[in-house]
Amino acid sequence: MMPQNPRVLLLVAIFCAMVAGPMTTSTQAAGFSYADWNEVLEKYVDDNGLVDYSGLRGDREALDRFIKSIESSGPDTDPESFPSREDKLAYYINAYNAQVFKGVLGLSPKTDTVWGFTKTGLGFFVQMKVVIDGQKTSLK
């Protein structure tokens, strides 16, 4: 079942649109694989850019493998795998979006928005710490 809150739907659509633009299922940087991420997108993001988080919650293996790869590898730790600006941009956009998926899955299934009661997203985008390319950061 898809999320019904309009704010969640808009947020999900924005993130998925960012992914769909630079990344297709055949895109791969010189030495970095997006196969697991492409599997997640193909299975759990519909043609309107909406994410089936309920389905993904029960089938996280590909997402977890991709998260593990983006946490340990990227343009800083493995520069030869990301030779062009486009390779780096695709990596960071997809790494960010994968971390958002992981963050949403970490919320209670009863949570209907990532924006929180302050409507700023402070708790989700700023306070949630993630690792991308060996560096701890936030989604801000």
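Q: What share of the 140 residues in the protein chain is buried?
A: In this predicted model, buried residues make up 41% of the 140 residues. To count as buried, a residue must have under 20% relative accessible area.

Q: What makes up the protein chain, read along the sequence?
A: The chain has six helices and two strands. Their order is α-α-α-α-α-α-β-β.

Q: How do you know how much of the contact in the chain is between residues 24 or more positions apart?
A: Take the contacts with a separation of 6 or more. Residues 24 or more positions apart account for 67% of them.

Q: How do you know what span is expected of helix α4?
A: Helix α4 covers residues 61-72, which is 12 residues. At 1.5 Å a residue, 16 Å is expected. From first C-alpha to last, α4 reaches 17 Å, close to that value.

Q: Why are the buried residues of α4 said to line one face of the helix?
A: The buried residues in α4 are A62, L63, F66, I67 and I70. Seen down the axis, they fall within an arc of 135 degrees, so they line one face. An α-helix has 3.6 residues a turn, so residues three or four places apart point the same way. On the face turned away from the buried side sit the exposed residues K68 and S72. The cover over the buried residues of α4 includes α2, α3, α5 and β1.

Q: Why is the pair of F32 and F82 called tilted?
A: The structure holds 10 aromatic pairs. In this one, the ring centres are 5.4 Å apart and the planes stand at 45 degrees, so the pair is tilted. Stacked needs under 30 degrees and edge-to-face needs over 60. Both F32 and F82 are buried.

Q: Which parts of the chain does the pair of F32 and F82 tie together?
A: F32 lies in the loop between α1 and α2, and F82 in the loop between α4 and α5, so the pair ties together parts 50 residues apart in sequence.

Q: What makes the pair of F32 and Y91 edge-to-face?
A: The angle between the planes is 80 degrees, and the cut-off is over 60. Centre to centre, the rings are 5.4 Å apart. This pair also links distant parts of the chain, with Y91 in helix α5, 59 residues from F32. F32 and Y91 are both buried.

Q: Which residues do ring pairs link into a cluster?
A: The cluster holds F32, Y34, W37, Y53, F66, F82, Y91, Y92 and F101.

Q: Which members of the largest nonpolar core touch the most other members?
A: The core has 31 residues. W37, L63, I70, Y91, F101 and F124 touch the most other members. Two or more residues each come from α2, α3, α4, α5, α6 and β1. Helix α5 gives the most, with eight.

Q: What is I70 in contact with, leaving aside its neighbours within four places in sequence?
A: I70 is in contact with F32, Y91, A95, A98, Q99, V131, I132 and D133.

Q: Why is D133 called buried?
A: D133 has a relative accessible area of 2%, and the limit is under 20%. D133 sits in the loop between β1 and β2. Although D133 is not a glycine, its phi is positive, about 55 degrees.

Note on methods. Residues numbered from 1 in each chain as written. Predicted model: local features only at pLDDT ≥ 70, side-chain atom pairs only at ≥ 80, totals over all residues. Heavy atoms only, no water. Helix = DSSP H or I, 4+ residues; strand = E, 2+ residues; numbered from the N terminus. Buried < 20%, exposed > 50% of the residue type's maximum accessible area, 1.4 Å probe, protein only. Contact = heavy atoms within 4.5 Å. Expected span 1.5 Å × (residues − 1). Arc of directions from axis to C-beta. Phe/Tyr/Trp six-rings, centres within 6.5 Å; stacked < 30°, edge-to-face > 60°. Core = buried A, V, L, I, M, F, W, Y, C linked by side-chain atoms within 4.5 Å.
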